[in-house]
Amino acid sequence: MSAFAPSRDARVARLRQARQADSTAKTTRTQTVVRDLLRTGQRVSFARVAREAGVSTWFVYNKPAVKAAIRRAMNDQAHHGTEAASAPRPERTTPASLHTDLALAREEIQDLKRERDALKRRVQLALGAEIDNAARADLVSRIRDLEHDNRALATDLTETRTRADRLAEQHREAEQNVASLRLALRKAIRAVP
């Protein structure tokens with residue numbers, strides 16, 4: 001057990017270093033979020049800092065440097081006020097504007113359908129030209145090869161089905177033999193005094 005102690009201690013040390021590095025990164029990230037919120041005039045709160053920094057609220061309350069930075073920012077905002085970020089005003093929609101949007105959308109759909117049909121025709125023409133350009137002898141040769149492959153696959157299928165039927169019959173015979181042997185074994189066991 002003592003042979004494992006150095007490796008265990010090394011693993012524990014690496015874990016501590018990783019945890020410390022993670023804590024340092026989180027601290028830096030939360031302090032940056034606090035500065036950004038102050039700079040942009042947005043309200044600072046523990047929950048908001050935690051959410052925007054991607055850390056837990058437990059972290060922002062229990063890390064002294066982070067907690068102090070948030071408290072200072074909140075006090076600063078309480079004394080000097082916060083500049084509210086301008087919220088965009090919702091646009092007023094009227095039935096006429098909705099009808100206009102609908103008409104524009106329908107027109108765009110029609111344009112897209114026409115473009116689709118034109119592209120479809122171009123593809124059909126390109127495929128037709130490709131087939132026309134292929135040598136007739138090459139096509140005949142390819143058809144013969146496909147027919148040969150088809151016959152070979154059909155033969156393989158027939159042989160496989162025959163083999164499967166034979167195996168199924170052997171399986172049935174084996175099951176019957178096992179049943180007969182079980183019956184004989186039961187009779188032999190009963191016959192033993």
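## Salt bridges in a predicted model

R114 and D111 both belong to helix α5, which covers residues 95-133, and they sit 3 residues apart, about one turn of the helix. Their side chains meet in a salt bridge, with a distance of 2.3 Å from N to O. D111 is partly exposed, as its relative accessible area is 39%. Please keep in mind as you look around that this is a predicted model.

Why can such pairs form? Side chains of opposite charge can pair when their charged atoms come close.

How many salt bridges does the structure hold? There are 6.

| Pair | N to O distance |
|---|---|
| R114 and D111 | 2.3 Å |
| R116 and D117 | 3.0 Å |
| R48 and E52 | 3.1 Å |

Let's turn to helix α2, made up of residues 46-53. Here R48 and E52 are 4 residues apart, about one turn of the helix, and their side chains meet in a salt bridge. Are these two residues buried, exposed or in between? R48 has a relative accessible area of 23%, so it counts as partly exposed, and E52 is partly exposed too, with a value of 42%.

The last pair to visit is R116 with D117, whose closest N and O atoms are 3.0 Å apart. R116 is partly exposed, with a relative accessible area of 47%.

Terms used: Residues numbered from 1 in each chain as written. Predicted model: local features only at pLDDT ≥ 70, side-chain atom pairs only at ≥ 80, totals over all residues. Heavy atoms only, no water. Salt bridge = Lys/Arg side-chain N within 4 Å of Asp/Glu carboxyl O. Helix = DSSP H or I, 4+ residues; strand = E, 2+ residues; numbered from the N terminus. Buried < 20%, exposed > 50% of the residue type's maximum accessible area, 1.4 Å probe, protein only.
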